[in-house]
Amino acid sequence: MTFGKCLKLLLATLNVPMSHLAKAINVDNSLVSRWVHEKRIPSYAASYLDNIAEYLSRKILNTYQIKLLDELYYDLIEHDNVREITNSEKIRALLYNSLNYSIECKKKEKTDVANTSKSRNQISVNASIIDTPQTNIANSVDLSGNDKLIYGISNIFSAVVDLLEIASRHKRRNNNTIYFTMCNYFDNSFFSENRVLYIRKLLLKVIENGWKVNFLLQLDNNMDRILRFIHFLLPMGGTGNIYIYYFNKYDISMPGKEMYIVSGIGALSCYPAGQSMVINCGFYIRNKSAIDVFTNYINLLIQNNTYSAIKYYPKDMNEEYHRSLSEIIGKPGNQFDYNSDFSMYYLSEKLYRKFLWKTELSQQEKLLSLQYYKKQWGGIIANLENHKYNSICFSESLELLMNDQILCLYTYSGVEKVKLGVQDMIEYLKHVIHFIMTYDNFHVAVIFQDTNLVKNSGSSYIIKERRAVYFDSFGSFESTSEVRLSIEEPMTVKAFTEYFNMIWDKISPVNKDKDEIVTWLQSYITILDKKK
C-alpha cells in the first residue's frame, strides 16, 4: 500500500480529520492533503512518521478500531514471529512500510518513463527501415489518470470505502444506483466481519442520501454465507432502498469475481491474480464512460439472469399485503416473529376493536383493520394446536406503555400510537398474561437490556417456516415512511429461520421462562392498580 493510501485509511479508521493531524504535528494542512492524495511523500530525515504514529495511537478509543488496526497490520507487514507490540509501533511500522513502497513506486515510474522514451526512439528508427502496417483504433476512449489496477484485500477494501465515502457526500440524482455483487463477499477469506460491518455503516449513510442499493447474490447450500448476509442486511431493511437479486439458476454464479459500482462515481471489478481463485486484485475505474459500461453490464445481468428476492408493498398495495400475510399465517407450520413490542397479536378481538376505535383512522380503514386482524388472529390460534410459535419482544415497549401510556397498534394502514387509560392498560396486560399461559405451543422471549443481538427499533419480521418472511418497518429513519416487504425464496426463508433460532438460543433461559415473564407483567399491573 502506498503511503497516501495507508495514511488515508488510518485517518478514516480512527476518525481523525486531516486538519487535526496537521495541527498536531505542526505542519500546514495542504502538506497533509498532498500526502493523502499522493502528490508528495514525506522524507525519512524528518520526524513526521514518528510524530504521526504517536499522535494517531492516542486517538484509538475502542476495541473496534484496535481490530481494524490489527487487521491492517497483519495484512501489510511480513512477520515470522507474532509478538506483542504497542499500537504506536504498529502504526509506525505501517507508515514506514508504505513509505518504502511509495519510494519504490516512484523509482519504477522513473525507470518506466526512461525505458518508454528509449523504446519510442528505437521504434522511430525501425519504422524508417521496416514497412509496418498502421494501427488505427477508432471508437476508443482514453481512461482517466485515476484508473488503477490494485492488489491486496486491504486495497480492495480501501477502494470500496473510497467509493462509498464519495457517494455519502452526494445526493442521489436521476437513476443513480449502487450495485454490489455478493458471491464471495461473505467468505472470511475475502472481507473480515469488521470490514463487512464498516461497509454496512457507510451504506446506511449513502441510503440516507437517497441512493438505491442493488445486491446480486449467489444462493447455494452455503448457509453460513446467507446467514452473514442476513445479519448484514437487517439494519438496512427498513429503508425501502434495498433490492436483492439472485441468479435464476442455482448453479449459475460468479466464482472468483466481485463488482462494486457507484453509478456516476466509480466502479471496482475484482478478480483472483493466481490459481487459488482467491480474490486479491481489482480494476478501480473512475472514467465516466467505463463506469457506464460496467453499469450497463450489471443491469443486463440482473435483467436476463436473476429474480428479485424482495417484494415491496407501497401504500397502494395494502390490500395485497394483508391478504398475502393472512394467507401465509393461516397455512400449517411453525411461525417465528420478532417484534419491537407485545401488541402485534396479543390482543383479543374485543380489545383490538376498543383500541382501534381510539385511532383517527377512517371508518373504512378501521373496518379493514378489524377484518384482517380477525383473519390473522384466527390463523395463529388454529396453528397453535399443532405447531410451534416463538416470539421475541423487547421490554422498552412495556416501559413506553407504563411511562407514556402509549401502545403501538398494528392496523391496515400502518402502525398507530394509541393513548390508553389506566384501566385499558390493566386489561391489555391481563390479556397478554392469559395468552402466554393458555397455549403450550406459544413461547415468548423478552429482552430486558441492550445486547449484541440484532435490535431493529420500530420494526418486526414474521417467519413462516418454509414459506415466507414478512418484514414491517415504521420509521427506521426520520425521513422514511413505513416499509413493508416479503421474501419467498426458499434458501433465504430457511436462512431467516436459522438466524431467528440462533438469536433465540443466545437469549438467557430466565428471559424465556413463562413464569418469570408473567411475574414481571403482574408487577406492572400491581403498580397500575395503585393509580386507579
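The side chains of Arg484 and Asp472 meet in a salt bridge, with 3.5 Å from N to O. Arg484 belongs to strand β17 (residues 482-487) and Asp472 to strand β16 (residues 468-474), so this contact ties together parts that are twelve residues apart in sequence. The model is predicted, and it holds eleven salt bridges.

**Burial of the Arg484–Asp472 pair**
- Arg484 is buried, at a relative accessible area of 5%.
- Asp472 is likewise buried, at 3%.

- Asp424 forms a salt bridge with Lys358, and the closest N and O atoms are 3.3 Å apart.
- This pair links distant parts of the chain, 66 residues apart: Asp424 sits in helix α15 (residues 422-438), and Lys358 in the loop between α12 (349-356) and α13 (363-383).
- Asp424 counts as buried, with 8% relative accessibility, whereas Lys358 is partly exposed at 40%.

**Glu320 and Lys311**
- In the salt bridge between Glu320 and Lys311, the closest N and O atoms are 2.2 Å apart.
- Glu320 is partly exposed, at 27% relative accessibility, and Lys311 is partly exposed at 36%.

**The largest pocket**
- The largest pocket has a volume of about 1,900 Å³ and a lining of 50 residues.
- Lys5, Lys8, Val36, Glu38 and Asp162 are the lining residues nearest its centre.
- The lining comprises 21 nonpolar, twelve polar and 17 charged residues.
- Elements that each supply at least two lining residues include α1 (3-13), β1 (148-151) and α8 (193-208); α6 gives the most, with eight.

Methods: Residues are numbered from 1 along each chain as its sequence is written. This is a predicted model: local features need pLDDT of at least 70, side-chain atom pairs count only at pLDDT 80 or more; totals for chains, interfaces and linings use all residues. Side-chain values use heavy atoms; hydrogens and water are left out. On a 1 Å grid over the protein atoms alone, a cavity is a set of points where a 1.4 Å probe fits but cannot get out, and a pocket is an open set with protein on both sides within 12 Å along at least five of seven lines; lining residues have an atom within 4 Å of a point. Grid points are joined across faces, edges and corners, and a volume is the space filled by probe spheres set on the points. Helices (H or I, at least four residues) and strands (E, at least two) are DSSP runs, numbered from the N terminus. Ala, Val, Leu, Ile, Met, Phe, Trp, Tyr, Cys and Pro count as nonpolar, Asp, Glu, Lys and Arg as charged, and the others, Gly among them, as polar. A salt bridge is a side-chain nitrogen of Lys or Arg within 4 Å of a carboxyl oxygen of Asp or Glu. Buried means under 20% relative accessible area, exposed over 50%, partly exposed in between (1.4 Å probe, protein chains only).
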